[in-house]
Amino acid sequence: MSTPLPLLVFAGSTRAQSFNRKLATVAAERAQAEGAQVTHIELADFDLPIYNADLEARGTPAAAVKLKELFHAHPAWIIVSPEYNGSYTALLKNTIDWVSSPIKGDPLWSSGTKPFAGKVVGLLSASPGALGGLRSLSHLTPLLLNLQCWVAPKQFALSRAGDAFDADGQLVAEPARNAVHGVIDQVLWAGQRLLP
Ligand SMILES: Cc1cc2nc3c(=O)[nH]c(=O)nc-3n(C[C@H](O)[C@H](O)[C@H](O)COP(=O)(O)O)c2cc1C
């Protein structure tokens, strides 16, 4: 890789033993090994209430501004999405809602799509179920397209996630490792070409 690509990685779960957080770590390590400049964040570190426009009118939370800055600063992202009730988690939606809400009167953040537009986004999911959270990705994809992201065509849903990781947090099965690498490699490839 010529210039290291700044890549943001996060999972839509804050659960201590989260499979999606584990998969995010695998993805971050792979991207780092491929030469990306990886920022791996935990959404638990961002204190965001449930989005409420009345609350927002009293001032956008500092955590939302920080996330806007982080999203904007990284031309490519990997989002690892758990599946709740056939869709993505409220945590992920709430995060995206705050980050996409314009800050009135703030010249830096008057556009809601600013932190999203033109980003190359790779999607992964993990679930103990047979579909691996695939349906969460089918819902997340149009949401991100609506925010002007370039969603990578390769996606991967890790099924039977309870048996998928070894004690060191590495993926046991080679096909799963290859599928994650495929998504990462495509995001890095496209991210390099779409660098602003
Ligand atoms: C409210 C709720 C709904 C769920 N719905 C689904 C579902 O539709 N499909 C699925 O594969 N797993 C579903 N699960 C199971 C999650 O995939 C499982 O809890 C998973 O471990 C969550 O991701 P995490 O390990 O990263 O926290 C659901 C879990 C909860 C709490």
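## A tour from the ligand outward

Select Arg 15 first: an N or O atom in its side chain lies 2.8 Å from an oxygen atom of the ligand. This is a predicted model.

Next, pick Ser 18. Its side chain places an N or O atom 2.5 Å from an oxygen atom of the ligand. Now move to Asn 85. Here the backbone takes part: one of its N or O atoms is 2.8 Å from a nitrogen atom of the ligand. How much of the ligand does the protein bury? Alone, the ligand exposes 620 Å², and the protein buries 70% of that.

**The shell**

Show the residues around the ligand. There are 13 of them. Ser 18, Asn 20, Glu 83, Asn 85 and Ser 127 are the closest. Colour the shell by residue type. You will see six polar residues, four nonpolar and three charged.

**The largest pocket**

Hide the ligand and turn to the pockets. The largest has a volume of about 150 Å³. Which residues line the largest pocket? Start with Ser 13, Arg 15, Ser 18, Phe 19 and Asn 20, which are among them.

Find strand 3 (76–81) and helix 4 (90–100). Stop at the loop between them, where Ser 87 lies. Is Ser 87 buried or exposed? Its relative accessibility is 15%, so Ser 87 counts as buried, the cut-off being under 20%. Show side chains here. That of Ser 87 makes a polar contact with the side chain of His 139, at 2.8 Å.

Go back to Asn 85, which lies in the loop between strand 3 and helix 4. Asn 85 has a relative accessibility of 84%, so it counts as exposed; the cut-off is over 50%. Asn 85 has a positive phi of about 50 degrees, although it is not a glycine.

**Last stop: Arg 160**

Select Arg 160, in the loop between strand 5 (150–158) and helix 6 (174–193). Its phi is also positive, at about 50 degrees, and Arg 160 is not a glycine. How exposed is Arg 160? Its relative accessible area is 47%, so Arg 160 is partly exposed.

Terms used. Residues numbered from 1 in each chain as written. Predicted model: local features only at pLDDT ≥ 70, side-chain atom pairs only at ≥ 80, totals over all residues. Heavy atoms only, no water. Near = heavy atom within 4 Å. Polar contact = N/O pair within 3.5 Å; in protein donor to acceptor, adjacent residues only side chain to side chain. Areas by Shrake-Rupley, 256 points an atom, 1.4 Å probe, with all protein chains shown as cover. Nonpolar A, V, L, I, M, F, W, Y, C, P; charged D, E, K, R; others polar. 1 Å grid on protein atoms, 1.4 Å probe; cavity = no way out; pocket = protein on both sides within 12 Å on 5 of 7 lines; lining within 4 Å. Points joined across faces, edges and corners; volume = space filled by probe spheres on them. Helix = DSSP H or I, 4+ residues; strand = E, 2+ residues; numbered from the N terminus. Buried < 20%, exposed > 50% of the residue type's maximum accessible area, 1.4 Å probe, protein only.
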